[in-house]
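Subject: Structure handover

Hello,

Here is the structure I promised to pass on. Please open it beside this email and follow along as you read.

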Amino acid sequence: MPIASIVAEYGMTELSSQYYDAPESRAAIEPRVKRAAAVAASAGRRRAGRLLPAGIVGTIRHLDLANRGSVIAVETEDLGAAVDGGIVLLGREAGAELRGCSLDAEELLRHRG
């Protein structure tokens, strides 16, 4: 199967909207009701939480208007950079707690031996 026909999905149970990759760029494309931004990481730093320019890696903050009955903003420990119309995901911060699908992957690796 050609890699261009594989479409990855990125979502969180805390949010209503999902991202789907654009196969040509591998960027996660934002739905109309959702925006993501890369922000400066590490709560102990003086500038933690400030928005970063496009292309600069930080932790990802999501604003999801489809979540209007709940919390509409979630800051993650996922690393990535904002790009035109979406985000490029790069993994998790070092030492971040595993969540979601990461738990299944870790379980598989433990039993692989």
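Start at Asp64. Its side chain reaches the backbone nitrogen of Ala66, at a distance of 3.1 Å. Keep in mind that this is a predicted model.

Where does Asp64 sit? Its place is in strand S5, which covers residues 58-64. Its contacts include Leu15, Ser16 and Ser17. Val33, Lys34 and Ile72 are also touched by Asp64, leaving aside residues up to four places away in sequence.

Now look at the charge on Asp64. Side chains of opposite charge can pair when their charged atoms come close. Asp64 is buried, yet it has no salt bridge. Which side chain of opposite charge is nearest to Asp64? That is Lys34, 4.5 Å away.

Seven strands make up an open sheet. Their order is S1-S2-S3-S7-S6-S5-S4, and the pairing is antiparallel. Which strands are at the edges? They are S1 (9-10) and S4 (34-39), and each of these pairs on one side only.

Go through some of the pairs:

- S1 and S2 (residues 19-21) run antiparallel and are joined by two bridges. Tyr10 stands opposite Tyr19 in S2.
- S5 pairs with S6 (residues 73-83) over five bridges, again in the antiparallel sense. Here, His62 stands opposite Val74 in S6.
- S6 also pairs with S7 (residues 86-92), antiparallel, over six bridges. Gly80 faces Leu89 of S7 as its opposite residue.

S6 and S7 also form a hairpin. How many residues lie between the two strands? There are two. Gly85, in the turn, has a positive phi of about 85°.

Now the salt bridges. A search of the whole structure finds four. Three of them are described here.

Take Glu75 and Arg61. Their side chains meet in a salt bridge, at 2.8 Å from N to O. Why does this pair tie separate parts together? Glu75 lies in S6 and Arg61 in S5, so the pair links parts that are 14 residues apart in sequence. Glu75 counts as partly exposed because its relative accessibility is 45%. Arg61 is partly exposed too, at 26%.

Move on to Arg92. Its side chain meets that of Glu77 in a salt bridge, at 3.6 Å from N to O. Arg92 belongs to S7 and Glu77 to S6, so this pair ties together parts that are 15 residues apart in sequence.

Arg92 also forms a salt bridge with Asp78, where the closest N and O atoms are 2.8 Å apart. Asp78 lies in S6 and Arg92 in S7, so here the parts tied together are 14 residues apart in sequence. Put together, Glu77, Asp78 and Arg92 are linked in a network of salt bridges.

Asp78 is buried, with a relative accessible area of 11%.

Asp78 is buried and forms a salt bridge with Arg92.

Best wishes

Methods
Residues are numbered from 1 along each chain as its sequence is written. This is a predicted model: local features need pLDDT of at least 70, side-chain atom pairs count only at pLDDT 80 or more; totals for chains, interfaces and linings use all residues. Side-chain values use heavy atoms; hydrogens and water are left out. Two strands pair if DSSP finds at least two bridges between them. Helices (H or I, at least four residues) and strands (E, at least two) are DSSP runs, numbered from the N terminus. Buried means under 20% relative accessible area, exposed over 50%, partly exposed in between (1.4 Å probe, protein chains only). Lys and Arg count as positive and Asp and Glu as negative; His and the chain ends are not counted. A polar contact is a pair of N or O atoms within 3.5 Å; within protein, one must be able to donate a hydrogen and the other to accept it, and residues adjacent in sequence count only if both atoms are side-chain atoms. Contact means heavy atoms within 4.5 Å.
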